[in-house]
Amino acid sequence: MSDHQELEQLKRWRLILGQAANEKLTDLAKGQGLLDEEYSLMDEALAAIYDETFGTGQDNQNTSGKRSAGLGSSSPKLTKWLGDVRSFFPPDIVSVIQGDAIERKGLTQLLFEPETLSQIKPDIKMVATLIALKGRIPEKTKETARMLVREVVNEILARLEHEIRRAVTGALNRRRHSPIPSMSGLDWKTTIRRNLKHYDHHSQLLIPERFYFFERARRSKEWTVILDIDQSGSMADSVIYASIIGSIFASLPALDTHVVAFDTEVVDLSEQCANDPVDMLFGIQLGGGTDINKSVQYCEQFIHDPKKTLFILISDLYEGGNQSALVRRMENMRQSGVSVLCLLALSDGGIPSYDAELAKRLAGLGIPSFGCTPDRLPELVAGALQGRDLQELAAAMTVTAKQTI
């Protein structure tokens with residue numbers, strides 16, 4: 001390692017370890033300065049959250065020689081701090097630092113001033129915080145808060161919408177063909193299988209006599225999809241992803257989509273879901289108790305053709321209501337022909353704490369209960385619509401997740 005690389009490594013360790021390691025690391029650097037102007041600003045931004053003291057340089061020294069107080073309640077100081085954080089750190093690190101600022105320092109004023117809020121790097125954790133505090137956000141800040149939420153919603157839509165649309169349309173159209181040629185709609189598998197007899201051994205080429213294309217037109221409301229979402233505080237990320245995914249389902253003519261959120265009460269969000277997912281998210285009330293059985297009972301009214309219904313319960317299964325009645329309802333639903341899934345989490349961060357005993361009981365009834373990342377949901381939905389064995393599909397997805405880890 002060159003002297004320059006070693007010095008850069010010491011600078012990074014200085015940022016990580018803070019003021020307490022300054023003397024030791026300076027010795028290792030053989031007296032070379034570790035914090036130039038840029039590094040001093042980075043150190044100041046980090047120290048505001050992770051050190052008991054704050055600032056660098058003589059202007060920030062108190063009589064004890066230690067750094068002075070942290071961010072305090074000054075909106076200009078918060079705005080400057082947020083600007084520094086976004087200038088010197090990559091987006092994923094910015095999200096972590098902002099989250100720690102709220103958790104460690106209680107800086108809920110980050111969400112109460114438009115000029116401060118506008119400096120925040122929006123992410124799903126920040127959306128969860130805004131939704132949880134929506135009743136406390138001042139009127140002057142509400143529009144800025146909505147803009148942040150919309151930015152995250154648009155990012156998730158861009159990430160998932162195409163894959164979900166493709167999965168759903170592909171699953172529903174896989175057996176119906178159209179005489180209208182379209183390369184994007186070419187059914188390669190059927191075309192090859194039905195033209196094998198035209199294989200030319202001399203040229204070693206398959207020369208199709210006829211091409212088969214998937215049908216573009218779809219019957220309206222061919223399947224019913226019900227998302228039943230646990231809005232307890234521990235499910236925040238899952239609630240946000242599920243709500244946005246519900247809005248994608250609602251935009252597909254082939255699906256009759258219902259989105260329901262529950263704690264001890266049940267809220268039908270299907271109408272908001274079909275219009276604006278941002279409005280829907282602000283209609284969610286994170287926290288409170290849990291009555292899963294009550295919500296499943298409410299959702300039963302939407303099941304008209306069980307064999308054409310997909311019911312997805314998104315919950316950590318900590319039931320505060322009648323657990324025995326819940327199990328009976330879920331079992332009856334599955335036995336009637338409904339495709340039933342329980343997602344213990346729908347998030348990027350893995351499976352949270354959940355009721356393992358109840359999950360095991362449901363799995364024993366043939367109802368897969370597992371955690372799923374949003375990126376794997378299109379595959380899962382396509383499998384359900386195609387009539388695949390959901391337990392086998394869930395097992396395969398769980399193995400893949402473990403291998404990835």
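Okay, let's start with strand S6, residues 255-262: seven of its eight residues are buried, so S6 is largely enclosed by the rest of the structure. By buried I mean under 20% relative accessible area; exposed is over 50%, and partly exposed is in between, using a 1.4 Å probe and protein chains only. Strands here are DSSP runs of E with at least two residues, helices are runs of H or I with at least four, and both are numbered from the N terminus.

Quick word on the source. This is a predicted model, where local features need pLDDT of at least 70 and side-chain atom pairs count only at pLDDT 80 or more, while totals for chains, interfaces and linings use all residues. Residues are numbered from 1 along each chain as its sequence is written, and side-chain values use heavy atoms, with hydrogens and water left out.

Back to S6. Which strands does S6 pair with? On one hand there's S5, residues 223-230, which runs parallel to S6 and is joined to it by eight bridges.

For the record, two strands pair if DSSP finds at least two bridges between them.

How far apart are the end C-alpha atoms of H10? They are 21 Å apart, and that agrees with the span of 21 Å that 15 residues, 236-250, should have at 1.5 Å a residue. The expected span is 1.5 Å times one less than the number of residues. H10 is mostly covered as well, with 14 of its 15 residues buried.

On to salt bridges. I'm counting a side-chain nitrogen of Lys or Arg within 4 Å of a carboxyl oxygen of Asp or Glu, and the structure holds ten of them.

Take Asp276 with Arg150, where the closest N and O atoms are 2.8 Å apart. Asp276 is in the loop between helix H11 (270-275) and helix H12 (277-282), and Arg150 is in helix H8 (residues 139-173), so this pair ties together parts that are 126 residues apart in sequence. Asp276 counts as buried at 15% relative accessibility, whereas Arg150, at 33%, counts as partly exposed.

Next, Asp348 with Arg159, at 2.7 Å between the closest N and O atoms. Here the partners are 189 residues apart, with Arg159 in H8 and Asp348 in the loop between strand S9 (339-346) and helix H15 (356-364). Both are partly exposed: Asp348 has a relative accessible area of 45%, and Arg159 has 33%.

And then Glu300 with Arg329, 3.0 Å between the closest N and O atoms. Glu300 lies in the loop between helix H13 (292-299) and S8, and Arg329 lies in helix H14, so the pair ties together parts 29 residues apart in sequence. Glu300 is partly exposed at 30% relative accessibility. There's also a network: salt bridges that share partners join Arg159, Asp348 and Asp375.

Is Gln204 buried or exposed? It's exposed, at 60% relative accessibility. Gln204 has a positive phi of about 55° although it is not a glycine, and it lies in the loop between strand S2 (199-200) and strand S3 (205-206). Leu317 also has a positive phi, near 70°, in a residue other than glycine. But Leu317 is buried, at 0% relative accessibility, in the loop between strand S8 (309-314) and helix H14 (323-335).

That's my tour, thanks.
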